[in-house]
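Here is a walk through one protein model. Keep the sequence and the 3D view open as you read.

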Amino acid sequence: MFKTLLWITCLLFSQNLLAADESARPLRQTSVKRVTVKSPSSAFLWEKSSRELSLRLIVKYKQHVLNVSSIQSKLALRRPYAIQSIQPMAGNAYVVSLKRTLPEHLSISSSQAIDELIQQLRQDPDLAYAVEDRVGHFNPGPELKQPDSAGSIYDFDTLSHDLQWDEFAPPGGIMLESAPGLSDGAWAYTHGETWSPVVVAVLDTGIALNDNLVNNLVKDEWGQIWGWNFAANNRNTADETPSFHGTHVAGTIAAYGHVIKGVGDQLNILPIKIPDSTGMFYESQVINAMYWAVGGEIPGVPHNTYPASVLNLSFGVDERPGKTIDHCDEAMQEAVYFVRRRGAVLMVAAGNDNIWEHYNAPAVCNGATKIAATGPEGLRAYYTNYGPSIAFAAPGGDLHYGKQGGILSTVNPGGGYQNTGLDYYQGTSMATPHAAGVAALLYAVTNHSMTPERIEQILYLSTHAFGVSEDKNRSCVGEKPCGHGILDAYQAVKVAMANYDVLIAPSYSNLNPAHDVPSSFVLKQNKYPICEVIGFDGVGCYEKRREE
């Protein structure tokens, strides 16, 4: 039996390619020998004496098909494939599991069989789309083990908020406060409090009940943690993976306490668990999770009465270790558009391959904001992807500076650094929740009145300049661009509160690669009598003079 394995690695940097976990998925029990076979297009399992392929697709028709039997009748004639199961999912689509028995003389891979089947299905004029329901795996990989000769930038014995460089002054930090305890940046205006709580959905590995985080998890009317596990189809959202990746991401957004502080300690986290304890999941689970996060209906799942304004997706889709998928299929793109129609923004990790314009799903989808990563000096983190379609960068950590050059956040209780329940990670996975958290602060200060487009425009326009380096590999301008500056919470909150009538930023093609020449704009004074500089090259204007 061939079975496609698609690896989806969360975007925590790994120095080494990760070996495929051959035991990650249970196999149909037979007495024949199973061996692992890897092709250029996929990794799949081959039972040497079996001639049976198992396939899984996401299928949607142009007119909503009301029941499973109707779907079955449409697919029944697709020989030589036999339907095993049909499950309704988000967006009026269906997950269809099939098998095919091959004659002895025919040798075909699962990827070839899926392509053949999809081509058959596309002959039906009623079909909206058919795509493979790919198998994925969260596997963050190890931290950088040996820092370079630059060594540590801090000396410390115990953890403290003082070590959260990512929250302090530019160029490295996002200016929540200029220094520990001052609250003179974005925190002078908001910590995320508002009349209607701002919810950030963390689609990840689940969330451990860390004491610095648990009170900011969304609760139902009975005080129970509200979220959903799309692997087990239940409410158990506990982070069971060895990395505690989802817990770290969530802490960056909304942790609280004297030692650790997230972007907004009044923000609420909606935990949405994608993989099982082994890290395995299907793409259909991601799509269901995206719909559910913003209040969409999923067959067999309770309605989400706490829809999110911001979605954090710190992962991407890999065909196999070291081979990413750089396209967004119809099912995933439809999910992104649904989220945006519901008034939410998607902050997505750009990836850790250190490659020009190389982004995997969902970052590559239209409507997703790609976030690159920088280190403590505001320079490009050595692992981050780069290119003109990056929106902007945020602190993702760089362990070349030593362990504390990473991003400090929550992990499993009793785990992490010195068993504190906190630890330093690096990756575009860590940069993304900074952007998600600041987007949530903007919803808070405007009482949810902004559109996703306005939120994204402000975040882009209000960035501050990168750190300066003559090393082209470390610089975020020039040959390896990381977007329009570094996320700046202070500037973003002030712009949101100013409520400008028009915001203006240069297009990427007009940006000077070294940011050493100021941008210029010509505006009609009778239309825009008052304009102000935003960030390092943006402008905000009012169409009428306002009362002092």
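**A guided tour**

D423 counts as buried, at 11% relative accessibility. The cut-off for that word is a relative accessible area under 20%. This is a predicted model, and the values here are computed from it.

D423 has a charged partner. It forms a salt bridge with K403, and the closest N and O atoms are 3.2 Å apart. K403 counts as partly exposed, because its relative accessibility is 30%.

Now step back to the whole protein. It has 548 residues, and 58% of them count as buried. Eight helices and 23 strands make up its list of elements. Take the contacts between residues at least 6 apart in sequence: 71% of these join residues at least 24 apart. The accessible surface comes to about 22000 Å². Carbon and sulfur atoms account for 49% of that surface.

Four strands form it, in the order β5-β6-β4-β7. The sheet is open, and the pairing is antiparallel. Which strands stand at the edges? They are β5 and β7 (127-132). Each has a single partner strand, so one side of each is left without a neighbour in the sheet. Neighbouring strands are turned against each other by 25 degrees on average, direction ignored. A helix packs on this sheet: α2, residues 110-121. Helix α2 touches β4, β5, β6 and β7. Its direction makes about 35 degrees with that of β4.

Strand β5 covers residues 81-88, and strand β6 covers residues 94-101. The two pair in the antiparallel sense over seven bridges. Find A82, and you will see K99 of β6 standing opposite. Between the strands of this hairpin there are five residues. Here G91 takes a positive phi near 70 degrees.

Return to the charged pairs. How many salt bridges does the protein have? The count comes to 13. K60 forms a salt bridge with E334, with the closest N and O atoms 2.7 Å apart. K60 is in strand β4 (residues 52-61), while E334 is in helix α5 (residues 330-341). The pair links distant parts of the chain, 274 residues apart. K60 counts as buried because its relative accessible area is 15%.

Another salt bridge joins the side chains of D220 and R235, at 2.9 Å from N to O. D220 lies in the loop between β9 (199-204) and β10 (228-229). R235 lies in the loop between β10 and α3 (245-254). The pair therefore ties together parts that are 15 residues apart in sequence. D220 is buried, with a relative accessible area of 10%. R235 counts as partly exposed, at 33% relative accessibility.

Elsewhere, salt bridges that share partners join R134, E283 and D329 into one network.

Terms used
Residues are numbered from 1 along each chain as its sequence is written. This is a predicted model: local features need pLDDT of at least 70, side-chain atom pairs count only at pLDDT 80 or more; totals for chains, interfaces and linings use all residues. Side-chain values use heavy atoms; hydrogens and water are left out. Buried means under 20% relative accessible area, exposed over 50%, partly exposed in between (1.4 Å probe, protein chains only). Contact means heavy atoms within 4.5 Å. Accessible areas come from the Shrake-Rupley method with a 1.4 Å probe; for residues, only the protein chains shown count as cover. Two strands pair if DSSP finds at least two bridges between them. A salt bridge is a side-chain nitrogen of Lys or Arg within 4 Å of a carboxyl oxygen of Asp or Glu. Axes are lines fitted to C-alpha atoms, for helices over the stretch in contact, and angles run from 0 to 180 degrees between N-to-C directions.
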